[in-house]
Each structure stands twice: as C-alpha cells, then as structure tokens.
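User: Please take a close look at one strand and what surrounds it. Go step by step, in short sentences.

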Amino acid sequence: MKTIDRNDVKRVVGDEPLLALYLYTPLCGTCQLAKRMLVVVEQLFPALPFYETDINYIPEQAAEWKIESVPCLLLFMGGTIAGKWYAFHSVPYLYEVIQARLPH
C-alpha cells in the first residue's frame, strides 16, 4: 500500500481510473488490524492500486466523502466512490466485497 499525503489525495483519486484508498488514524488499534488484512488483500488484486492516508490530514475530503469513522476503505472508479466499507471482518470477506464491485 502506497502512502499518500493530503496534497496527493485529490490528484490520485482524479488520475487513477480504479483504486482503493484506506483511511485510518495512527492511534487506532482497529485500524492497525485492518491494515494487516488489507496488506494480504492487496496481493489478491495485483491490478488494483491500494493507497493509504491519515484521515486527520484530509478533514475537508473526509467531510465531502461523508466518512463516518475509521478504519474505512474506499473503492474509486473514475474518481467516484464505488464502495465504502467500515467493517473489516476477514480477508475472505474483504476479497468478496471488493471483487463484487470491480468491473468484470
């Protein structure tokens, strides 16, 4: 997962036709567990770029995207949110919900 900062978020979301963006805060224990799961999930989708950013540094974007809590995984297609998940039940669960939203 590539870390991006506040200056890159809008550019990356606008430039990439398809991407996953993981939102977290550094002191969130659940976020740390979710990230470990996403590192595995990322390997299952080699064509899907995964990015991460600390939500504390993008409050305007978080409000615009209506982010309710962290951890949060966003799937963007063409700059638009195509999926939003807050529950990271398991690696197989994440694989299935992402796979279901991807174009086939």
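Analyst: Start with Leu19: its bridge partner in β4 is Phe76. That bridge is part of the pairing of β2 and β4, which is antiparallel and covers six bridges. Two strands count as paired if DSSP finds at least two bridges between them. Strands here are DSSP runs of E with at least two residues, helices are runs of H or I with at least four, and both are numbered from the N terminus.

A word on the source. This is a predicted model, in which local features need pLDDT of at least 70 and side-chain atom pairs count only at pLDDT 80 or more, while totals for chains, interfaces and linings use all residues. Residues are numbered from 1 along each chain as its sequence is written, and side-chain values use heavy atoms, with hydrogens and water left out. The term pLDDT is the predictor's confidence in each residue, from 0 to 100. The protein has a mean pLDDT of 95, and 100% of its residues reach 70 or more.

β2 and β3 run parallel and are joined by five bridges. One example is Ala20, whose bridge partner in β3 is Phe50. Between these two strands the chain passes through α2, and this β-α-β crossover is right-handed. Right-handed means that, with the strands pointing away from the viewer, the path from the first strand over the helix to the second runs clockwise.

How well covered is β2? Six of its seven residues are buried, which makes β2 mostly covered. Buried means under 20% relative accessible area, exposed means over 50%, and partly exposed lies in between (1.4 Å probe, protein chains only).

Step back to the sheet. Five strands form an open sheet with mixed pairing, in the order β1-β3-β2-β4-β5. β1 (2-3) and β5 stand at the edges with a single partner strand each, so one side of each has no neighbour in the sheet. β1 runs parallel to β3, joined by two bridges. In that pairing, Thr3 has Glu52 in β3 as its bridge partner. Helix α1 packs on the sheet and touches β2, β3 and β4; its direction makes about 150° with that of β2. Touching, or contact, means heavy atoms within 4.5 Å. Axes are lines fitted to C-alpha atoms, for helices over the stretch in contact, and angles run from 0 to 180 degrees between N-to-C directions. Helix α4 lies across β3, β4 and β5, at about 160° to β5.

In β5, Phe76 has Ile81 as its bridge partner. Strands β4 (residues 72-77) and β5 (residues 80-85) pair in the antiparallel sense over five bridges. Their hairpin has two residues between the strands, and Gly78 takes a positive phi near 60° there.

Thr53 sits in strand β3 (residues 50-54). Thr53 is buried, at 2% relative accessibility. Beyond four places in sequence, its contacts include Leu21, Tyr22, Leu23 and Tyr24. Leu73 belongs to strand β4. Leu73 is buried too, at 1% relative accessibility. Leaving out residues up to four places away, Leu73 touches Ala20, Leu21, Tyr22 and Phe88, among others.

Last, the aromatic rings. Rings of Phe, Tyr and Trp (its six-membered ring) pair if their centres lie within 6.5 Å; planes under 30 degrees apart are stacked, over 60 edge-to-face, and the rest tilted. Tyr22 is buried, with a relative accessible area of 1%. Phe88 is buried as well, at 10%. Tyr22, Tyr24 and Phe88 form one aromatic cluster.
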